[in-house]
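Reader: I have a model open and want to learn to read it feature by feature. Where do we begin?

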Amino acid sequence: MADKPPVALSPREALEQLAAALGCSPTSADLAAELDRRDDLAHLRQRFLLPTVADLPPSDLSLVDGSQDCIYFVGNSLGLQPKSTKKYLEEELEKWAKTGVHGHTQGSRPWAWAEENIEDLMANVVGAKPEEVALMNGLTVNLHLLLLSFYKPTATRHKILMEDNAFPSDHYAVESQIRLRGHDPKDSMLCLSPRPGEEMLRTEDILEVIEQQGDCIAVVMFSGVQYYTGQLFNMEAITRAGHKKGCYVGFDCAHAAGNVELKLHDWGVDFACWCSYKYVNSGAGGLAGAFIHEKHADVVRPALLGWWGHDLKTRFQMDHVMDLQPGVNGYRLSNQPVLLVCPLQASLEIFNMTSMEALRRKSILLTGYLEYLIQHYYTWDPSRPDKPHVTILTPSDPQQRGCQLSLSFSVPVSRVFQELERRGVVCDMRQPSVLRVAPVPLYNSFSDVHRFVELLGASLAASGQK
Ligand SMILES: *Cc1c(COP(=O)(O)O)cnc(C)c1O
């Protein structure tokens, strides 16, 4: 008899089963402590610097103990600092001080090719081959460089399909690229909104627009994970649908890289870009990433050239004959900022102590636990209609979200945010009405989630008072 495949438990089932085995309530702090004991990634938290409550400017020490770790749920905006960052930076500053220009070729991180040592580490995080990834510039710059090659509108195929509520920088980038090519964003920017009364774009609706209008679409350009709602798009299905209609398909993976499992290569995605300061923890303005699938390596060429796109072996011969590196490496323009390579290396080494698959497994349970507790305590209770309540915008299907939950409240979001901040919680508020909370599997714990939910209760109560 063939074995039946094991049925994966939903986070709710897993939590209730474990609580029953322990003989405790699924809402008790004991369950959180046990989940942390069973977490084989828990040790990775020790590799990051976590602010204490007292370190944070808005903390009110009359409400909470300042000596404890803060609850850092804002890794979707700016990841924590890896402890080895400072050491790596000091090594390079020391090398500069002691050897000056010789640092270009000396030491463990020769400046002239420092970022090439970490491209394989980055490629593992986004599911790419090392030669498909370049680390350079900022995210929006890379998006422009990629669109200059992939957006080549013709009279009949001139549209870019994207989300209506895209991140502003992506919206501006696409708008300006369309103008640059002599088209009008009014005709060429196809922005997709959710159905009336809905918050999420349905995959079926995205696929249908591609099917119906694909012949006029030059580029399909979505985010991997939506920054506001936390929705994870079905990148594989979108890519397949776009290709069927002859479109290029690219993704902005700013909120997906280091958050969810990506298989940019296997899915056949044409191009992608991401920043590294969110889930990838490289510090504000860190070195961004770009991906071009190897199938385009010798076909799609950069529109703009610089000497860093030249083959390293002959780059410094300084003749005027371009020996362009294939694929995304040919897109590099300037010599790389080694001081930005250091923090990125520090973070990527931690990612490579585990795998995105293992991080994602923890993440599904960690965010499922947060959702479970919020639903348990703070959903609308018809018998107590005046009690402040919480609505979760983010899809409840773990396959349609990363670690972030976007919350809205029956009381003003700015009050809740302020009360949470006074209690040592770091998360962020986005206009018009959402609080984004992101328990990050690399350094957040189940006990963080449990403490957060308690503090959310206190914050809601304080916000509900006149
Ligand atoms: C964070 C983010 C950006 C920021 O762009 P930078 O060029 O790094 O300033 C752009 N797009 C998306 C989708 C983002 O999430």
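Author: We take a sheet, then some helix packing, then aromatic rings and a loop residue. Keep in mind that this is a predicted model.

Reader: Start with the sheet. In what order do the strands of the open sheet run?

Author: The general idea comes first. Strands of a sheet pair through backbone hydrogen bonds, either parallel or antiparallel. Here, four strands form an open sheet in the order β11-β12-β15-β14, and the pairing is antiparallel.

Reader: Which strands are the edges?

Author: β11 (390-392) and β14 are the edge strands, since each pairs on one side only. On average, neighbouring strands of this sheet are turned by 35° against each other, with direction ignored.

Reader: Let me look at β15. How many bridges join it to β12?

Author: Three bridges, in the antiparallel sense, with β12 covering residues 405-409. Ser 406 stands opposite Arg 436 in β15. Leu 407 stands opposite Leu 435.

Reader: And how many bridges join β14 to β15?

Author: Three bridges again join β14 (residues 428-430) to β15, and the two run antiparallel. Here Arg 430 stands opposite Val 434. A hairpin of three residues links β14 to β15.

Reader: How do I read the two faces of a strand?

Author: In a regular strand the side chains alternate between the two faces of the sheet. Now take β15. Val 434 and Arg 436 lie on one side, Leu 435 and Val 437 on the other, and all are buried, so both faces are covered.

Reader: Is Val 434 itself buried or exposed?

Author: Buried. Its relative accessible area is 1%, and the cut-off for buried is under 20%. Val 434 sits in strand β15, which spans residues 434-437.

Reader: Which residues does Val 434 touch, leaving out those up to four places away in sequence?

Author: Tyr 228, Leu 393, Ser 406, Leu 407, Val 413, Asp 428 and Met 429.

Reader: On to helices. At what angle do α2 and α15 cross?

Author: Read the axis distance and the angle together. The axes of α2 (residues 29-37) and α15 (residues 446-464) come within 7 Å and cross at roughly 155°. That makes α2 roughly antiparallel to α15, because the angle is over 145 degrees. On the α2 side, Ala 29, Ala 32, Ala 33, Leu 35 and Asp 36 make the contact; on the α15 side, Phe 446, Ser 447 and His 450 do. By class, this contact has five nonpolar, two polar and one charged residues.

Reader: What about α1 and α2: at what angle do they pack?

Author: About 105°, with the axes 10 Å apart. That makes α1 roughly perpendicular to α2. Leu 15, Leu 18, Ala 19 and Leu 22 of α1 meet Leu 31, Glu 34 and Leu 35 of α2. The residues of this contact divide into six nonpolar, no polar and one charged.

Reader: Which residues of α2 are buried?

Author: Leu 31, Ala 32, Glu 34, Leu 35 and Asp 36. Their cover includes α1 (11-22), α13 (356-378) and α15.

Reader: Now the rings. How many aromatic pairs are there?

Author: The count comes to 13 aromatic pairs. Take Trp 308 and Phe 316: the ring centres are 5.9 Å apart and the planes are at 75°, so the pair is edge-to-face. The reasoning needs one cut-off: planes over 60 degrees apart count as edge-to-face.

Reader: Are Trp 308 and Phe 316 buried or partly exposed?

Author: One of each. Trp 308 is buried, with a relative accessible area of 3%. Phe 316 is partly exposed, at 42%. Elsewhere, Phe 48, Tyr 72 and Tyr 443 form one aromatic cluster.

Reader: Last, a loop residue. Where does His 104 lie?

Author: In the loop between α3 (84-99) and α4 (119-126). At 35% relative accessibility, His 104 is partly exposed. Leaving out residues up to four places away in sequence, His 104 touches Pro 110, Trp 111, Ala 112 and Trp 113.

Reader: How far apart are His 104 and Val 338 in sequence and in space?

Author: They are 234 residues apart in sequence and 9.7 Å apart in space, C-alpha to C-alpha.

How values were computed
Residues numbered from 1 in each chain as written. Predicted model: local features only at pLDDT ≥ 70, side-chain atom pairs only at ≥ 80, totals over all residues. Heavy atoms only, no water. Buried < 20%, exposed > 50% of the residue type's maximum accessible area, 1.4 Å probe, protein only. Contact = heavy atoms within 4.5 Å. Pairing = 2+ DSSP bridges. Axes fitted to C-alpha atoms, helices over the stretch in contact; angles between N-to-C directions. Parallel < 35°, antiparallel > 145°, perpendicular 65-115°, else oblique. Nonpolar A, V, L, I, M, F, W, Y, C, P; charged D, E, K, R; others polar. Phe/Tyr/Trp six-rings, centres within 6.5 Å; stacked < 30°, edge-to-face > 60°.
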